[in-house]
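Visitor: I'd like to learn how to read a model like this one. Could you walk me through a few features?

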Amino acid sequence: MISDLLSMTVLVGILASGIRLATPYLYAAIGETFGQRSGVLNLGVDGQMLMGAFTAFYVAIKTGNLWLGILSAMVVGALMGLAMAFVTVNLHAEQGISGIGFYLFGLGLSDLLFQKLLGTVETVKGFPKIHIPFLSDIPVVGEIFFRQNVLVYIAFALVPVAWFILNKTTLGLKIRAVGENPEAADSLGVSVARIRYFTIILGGTLSGVAGASMSIALVNVFQQNMTSGLGFIAVALVYFGAWRPWGVLAGALLFSLVNSLQLWIQVLGIPIPSDIAVMMPYILTILVLVATVSRVRAPSALTKQFERGD
Amino acid sequence: MSNSNPEKWFPKLIDGLLPVFATIAALLVGAVMLLLLKVNPIEAYKAMWDGAFGSQNALAETLVKATPLLLVGLGICISFRGDVINIGGEGQMIVGAIMGTLVGITLVDWPGWAVIPIALITGFIGGAIWGGIPGVLKAYFNVNEILSTVMMNAIAVQLMNFLLRGPMIDPSQAELASKIPQTARLLDTFRLPRWVPTRLHLGALIAVVLAILVYLLLWRTTWGYRIRAVGQNPDASRYAGVKVRNYIVLALILSGAFAGLAGVMQVYGVNYRMITDGSASGFTGSAGFNGIVAALFGGLHPIGTIPASILFGGLLVGANKMQRVVQVPSALITALNGLVVVFVVSSEIWRRRRQKRRLAEASPDGEGIIPVGTDQGDTSSKEKEVEL
């Protein structure tokens with residue numbers, strides 16, 4: 001049975017679903033990268049994702065318009081980001097703890113709304129797979145990369161865009177300055193508050209999309225706590241990726257490929273208990289954190305409050 | 001120094017009441033949400049109050065729910081005071097319960113007076129191990145404890161599902177197709193004594209005694225002093241010769257241990273077997289998270305966490321009644337708990353501002369002295385090399 005894993009069809013299947021599964025991690029972790037680069041740890045990602053997932057699902061089911069679903073998920077994510085920004089930037093609340101608060105809030109509210117507004121588990125017809133002309137016909141590669149839904153393509157396109165913004169634009173320079181040395185940035189006339197508002201709201205927006213990518217593109221249902229902690233993994237991936245978009249991509253791919261592998265192991269009926277198989281990505285993440293984290297340095301001002309001195 | 005001077009005691013009173021204001025604010029937001037759901041908030045909250053405190057049985061149920069919150073909360077008091085954010089209460093509860101349950105279903109020939117304490121201690125140790133791993137990872141490998149404890153939660157859930165569906169499954173379930181993930185029932189003699197006719201068990205009393213012990217630990221012993229010192233200023237502690245890493249590990253071990261005890265008490269005091277629905281909260285009832293809320297509400301003080309746990313236990317029990325009476329899903333309470341956390345940490349700014357003002361008054365040239373040994377939770381004023 002182990003040999004089944006090595007057949008071409010299965011390998012292609014593992015890789016293709018690995019790419020697909022990376023989608024929500026990418027949105028959420030890229031958003032979180034911006035936040036952390038500016039010095040803000042947002043632990044509420046999972047709550048924002050759940051709210052995004054529910055909103056997108058609800059809007060898509062009621063209007064039949066998937067893009068409207070995405071848009072509303074973005075708005076809801078942005079609003080939660082706005083609240084987080086106010087609490088961290090203006091009220092100087094401890095970031096790790098307020099993030100947990102926002103997580104619980106999103107977890108409870110999305111469940112409450114689901115039970116009150118929908119009640120039963122329904123499915124929605126999510127984003128279809130798009131076969132990219134010519135490219136999707138390439139054997140193996142085409143099947144793995146170019147027969148995915150549109151949100152997958154956007155997620156991967158986001159990586160170079162994020163890299164470009166962070167490293168090649170003035171905005172990116174300001175974000176990094178605010179995350180490394182807010183006092184210096186402030187003295188040069190950069191508004192620490194404004195930059196952090198921007199990154200936290202951007203992070204919330206992307207978390208909203210991350211949730212939507214699950215409820216109306218990957219799984220096409222909404223359930224109570226459907227992310228089951230995926231948002232926390234996304235935060236871990238930012239550390240894992242050493243606060244760089246390409247590193248985050250590598251982490252997301254590694255995590256989701258292992259996840260995809262364990263799903264296929266279950267599908268093929270290989271006699272490893274499924275509960276043990278599900279553990280693998282988490283154990284792997286811890287091990288990789290151990291191996292990488294001690295070598296890279298976090299943004300200096302991460303989790304630190306900034307108060308303008310007079 | 002006179003207590004009659006309102007300038008002295010009034011701010012202190014406000015400080016103490018901040019969490020209460022935060023809760024009222026959260027309940028007001030909840031009322032708006034209820035109105036939007038076309039439910040009369042007064043009716044809903046009244047149902048909640050009745051369900052939580054309205055009768056002897058309701059009160060007993062509230063205390064039953066408050067017990068794991070208090071135990072987890074005590075662990076949170078220790079770790080957060082040491083500036084270690086332990087989010088792993090769920091996993092630590094699970095592992096504590098697994099190990100404690102193993103004692104009960106293995107030592108079936110032993111007398112109850114021996115098995116119960118052994119099981120509780122084993123659960124304590126189980127949680128300590130599950131908390132200690134992230135502790136070592138943080139202290140020696142610089143791995144952020146928030147992330148590792150979350151991962152450890154996920155791993156613990158799978159471990160529980162594997163064991164409860166496999167090696168530890170109730171022999172009567174193993175034959176059935178349904179295979180409900182649960183262990184065999186504990187012998188009657190292994191149960192924690194109950195205050196009949198309610199379900200209130202001895203664990204509640206043990207938790208209160210432990211709260212006093214944790215208070216003594218944190219403020220009357222060298223260990224406790226050092227945990228707090230490391231939390232407030234790791235650099236100063238290091239210069240003072242404190243082995244900072246060891247105290248980070250110790251904080252997480254103790255924090256995990258109390259969560260583990262909370263887990264094993266659910267088995268020996270409430271369910272008499274370990275049972276889940278496949279999710280973490282299926283066993284823990286999310287006490288691993290809600291204990292954080294209770295501890296924050298109690299000002300990260302072990303004694304303050306006692307009433308806070310009762311309050312949140314009451315919210316949880318009352319939410320069930322509310323669900324029955326006005327058909328509002330109890331998920332509302334999860335959302336409100338989240339808001340309480342946000343409001344409590346946000347309101348800290350008031351306390352900090354006042355403290356700052358006081359310091360500025362103390363040193364007129366404005367050179368703020370950073371107080372080592374005060375009880376503020378402000379992280380901005382200190383450099384933290386150990387923080388990832």
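Visitor: At what angle do the axes of H3(B) and H13(B) cross?

Guide: An axis is a line fitted to C-alpha atoms, for helices over the stretch in contact, and angles run from 0 to 180 degrees between N-to-C directions. In this predicted model, the axes of H3(B) (residues 56-81) and H13(B) cross at roughly 65 degrees and come within 7 Å. Helices here are DSSP runs of H or I, at least four residues, numbered from the N terminus. The numbering runs from 1 along each chain as its sequence is written, with chains lettered from A and ligands numbered from 1 in the order written, and as this is a predicted model, local features need pLDDT of at least 70, side-chain atom pairs count only at pLDDT 80 or more, and totals for chains, interfaces and linings use all residues.

Visitor: Which residues of H3(B) and H13(B) meet?

Guide: Contact means that two C-beta atoms, placed from the backbone, lie within 7 Å. On the H3(B) side, Pro68(B), Gly73(B) and Phe80(B) are among them, and H13(B) brings residues including Ala287(B), Gly291(B) and Ala295(B). The residues of this contact split into eleven nonpolar, four polar and no charged. Nonpolar covers Ala, Val, Leu, Ile, Met, Phe, Trp, Tyr, Cys and Pro; charged is Asp, Glu, Lys and Arg; the others, Gly among them, are polar.

Visitor: How many residues does each chain give to the contact between chains A and B?

Guide: Chain B gives 41 residues and chain A gives 44. On the chain B side, H15(B) provides the largest share, with 14 residues. That side has 27 nonpolar residues, 13 polar and one charged.

Visitor: Is Ala73(A) buried or exposed?

Guide: A residue is buried if 20 or more other C-beta atoms lie within 10 Å of its own, exposed if 12 or fewer, and partly exposed in between, with C-beta atoms placed from the backbone. Ala73(A) counts as buried because 32 other C-beta atoms lie within 10 Å. This residue sits in helix H3 (residues 66-90) of chain A. Beyond four places in sequence, Ala73(A) touches residues including Gly52(A), Thr55(A) and Gly208(A).

Visitor: How many residues of H4(B) are buried?

Guide: In H4(B), 15 of its 18 residues are buried.

Visitor: And what is the mean pLDDT of chain B?

Guide: pLDDT is the predictor's confidence in each residue, from 0 to 100. Chain B has a mean of 86, and 91% of its residues reach 70 or more. Over residues 366-388 of chain B, though, pLDDT stays under 50. The model scores ipTM 0.87 and pTM 0.86.

Technical notes:
Helices (H or I, at least four residues) and strands (E, at least two) are DSSP runs, numbered from the N terminus.
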